[in-house]
Amino acid sequence: LPSWAVLQGFLPDTILDPLERRAALASTLIAGLEMARGGGIEIRQDEAFGPIMVRRRTEEGGADDQRG
């Protein structure tokens, strides 16, 4: 993850059923929150109901604060 990526982009394209897709997104979000808690990634959401963005943390202990 060189930069911010949309969380939904990590879902397989083969999940077409809307209910299964929501369940997969929820599971991916929970996994992402665990990774963020462990310090492996950063997660942001700039507005309510906006896309959830993720990126890998840098080795210095935190990524720079650029939004792009």
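This is a predicted model: local features need pLDDT of at least 70, side-chain atom pairs count only at pLDDT 80 or more; totals for chains, interfaces and linings use all residues.

Modeller: The protein exposes about 5100 Å², an area worked out by the Shrake-Rupley method with a 1.4 Å probe (for residues, only the protein chains shown count as cover). Residues are numbered from 1 along each chain as its sequence is written, and side-chain values use heavy atoms, with hydrogens and water left out.

Of the 68 residues, 21% count as buried; that label means under 20% relative accessible area, with exposed being over 50% and partly exposed in between (1.4 Å probe, protein chains only).

Now for the strands. The protein has one helix and three strands, and from the N terminus on they run β-α-β-β. Both kinds of element are DSSP runs numbered from the N terminus: helices are H or I with at least four residues, strands are E with at least two.

Strand β3 (residues 53-56) is the one to follow. With β1 (residues 5-6) it pairs in the antiparallel sense over two bridges; two strands count as paired if DSSP finds at least two bridges between them. In that pairing, Ala-5 stands opposite Val-54. Strand β2 (residues 41-44) also pairs with β3 in the antiparallel sense, over four bridges, and here Ile-41 stands opposite Arg-56. As a rule, side chains in a regular strand alternate between the two faces of the sheet.

The charged end of Arg-44 sits over the ring of Trp-4, 4.5 Å from its centre. To qualify, NZ of Lys or CZ of Arg must be within 6 Å of the ring centre and within 35 degrees of the ring normal.

Then comes helix α1 (residues 18-37), whose 20 residues reach 28 Å from first C-alpha to last, close to the expected 28 Å; the expected span is 1.5 Å times one less than the number of residues. Just after α1, Gly-39 takes a positive phi of about 90°.
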